[in-house]
Amino acid sequence: MKIESEIEKVSSFQHLEMLANQVVEGFISGMHKSPFHGFSAEFAEHKVYNAGESTKHIDWKLFAKTDRLYTKRFEEETNLRCHLIVDNSSSMHYPELKSNQPFYEKKIGFAVLASAVLMNILKKQRDAVGLSVFSDKYEYYAPEKGSDRHHRMLLNKLEELLVQPKVKKTTDTITYLHQIAEKMHRRSMIILFTDMFQTEDDEKLFNALQHLKHNKHKVVLFHVVDNETELKFDFDNAPRKFIDLESGEEVSIFADNVKQEYEKRVEAYFKNLALTCAKNQIKYVPVNVGDNFEKILTTYLVEKQNFG
C-alpha cells in the first residue's frame with residue numbers, strides 16, 4: 001500500500017494519529033489478499049477462537065461470513081503488552097529532507113510514523129503499549145497502558161521527536177537497552193527502531209539485545225536505513241565531504257573510489273546482524289525509509305500470532 005496519496009490529505013505531522021489510522025485502515029482493507037485473509041475490518045473487535053475456550057461469546061454472524069470462529073473481545077481484555085523503543089541519536093535524523101519530501105523519508109520520521117501505526121493497531125485490539133526513547137541519554141520512558149489518554153501522551157512525544165532542534169547526540173545503545181530491559185517486568189513484545197550506528201563492539205551490543213529477551217519477552221529489531229545512500233552508497237563521482245552526524249568527523253572523498261569496498265563491508269555487517277539475531281531468537285527486519293508500512297504491520301501480526 002502506497003501512502004503518497006494519503007499524505008496529501010494530511011498537511012503536517014501534527015496529524016500523526018490521523019495518518020497512522022489511514023495507513024492501518026488501508027492495510028486492513030487489503031488483508032484479504034494477504035496471509036491474514038481471515039481478519040477483516042471487524043478484527044479489532046474480535047479474537048480467534050481457541051479450542052477449549054467457552055463458546056458463549058462466539059460471533060456466529062462473523063462465522064457465517066468468514067467460515068472461521070471468532071469470539072467477541074471485551075473492553076477490559078488486554079492480550080498483549082508491547083513496548084516500543086525509538087533510537088533518537090543524530091544519525092537517525094538523516095537524510096536531510098528537501099522541502100517537498102514527506103517527513104517519513106528521514107529515518108527518525110519513518111520510525112515515528114511506524115511507531116504511531118503500531119500504536120494504532122494496538123489500540124484497535126485493546127492491547128497495552130509503552131514507549132522508550134534513547135540517544136546519548138535515556139530521554140523518555142512510559143510503561144505499557146491502554147487508555148486513550150496514554151495513547152495521546154505517547155503520540156505527543158513521538159511528534160516532539162520530529163521538531164527537535166539539531167543537536168549532536170551520539171548513540172549509547174548498549175547502556176540504555178540494558179536500562180530498558182531492567183524496566184520490563186511483565187512478559188511483553190519489545191519492538192526496537194534503530195539504524196544500529198554504534199561504536200561499541202558487536203558482542204556487547206548483542207548482550208544488550210539478549211538482555212531484552214529476559215522474562216521470555218519477544219524482541220523485534222527494525223533496522224532503519226536509507227537504502228540509496230547508506231546501503232548502495234549511490235552518489236555521483238563529484239568530490240564530496242562526508243560528515244559523521246554524531247561525532248562531527250569529516251572526510252573528503254570521491255564516492256566511486258570507495259563504493260565497492262563500502263558495499264562489501266555494509267553487506268557483511270548486515271549479514272552478521274541477521275545471523276546473530278537469528279541465533280538469539282530476535283526477529284531482525286531491515287526497513288528502508290519511505291517504504292510503505294506493510295512489512296512493519298505484517299511482521300507485527302506474525303510475531304503476535306507466535307507470541308502465545
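Tutor: Start with Glu303. In this predicted model, Glu303 has a relative accessible area of 7%. Buried means under 20%, so Glu303 is buried.

Student: Which residue forms a salt bridge with Glu303?

Tutor: Glu303 lies in helix 10 (residues 294-307), its partner in strand 7, so the pair ties together parts 85 residues apart in sequence. The closest N and O atoms are 3.2 Å apart. The partner is Lys218.

Student: Is Lys218 buried or exposed?

Tutor: Its relative accessibility is 18%. The cut-off for buried is under 20%, so Lys218 counts as buried.

Student: Is Asp148 buried or exposed?

Tutor: Exposed means over 50%. Asp148 has 53% relative accessibility, so Asp148 counts as exposed.

Student: Now the histidine. Where is His223, and is His223 buried or exposed?

Tutor: His223 sits in strand 7 (residues 218-225). Its relative accessible area is 1%, so His223 is buried.

Student: Which residue has its backbone oxygen 3.1 Å from a polar atom of the His223 side chain?

Tutor: His223 touches several residues beyond four places away in sequence, including Thr194, Asp195, Phe270 and Tyr284. The backbone oxygen at 3.1 Å belongs to Asp195.

Key: Residues numbered from 1 in each chain as written. Predicted model: local features only at pLDDT ≥ 70, side-chain atom pairs only at ≥ 80, totals over all residues. Heavy atoms only, no water. Helix = DSSP H or I, 4+ residues; strand = E, 2+ residues; numbered from the N terminus. Buried < 20%, exposed > 50% of the residue type's maximum accessible area, 1.4 Å probe, protein only. Polar contact = N/O pair within 3.5 Å; in protein donor to acceptor, adjacent residues only side chain to side chain. Contact = heavy atoms within 4.5 Å. Salt bridge = Lys/Arg side-chain N within 4 Å of Asp/Glu carboxyl O.
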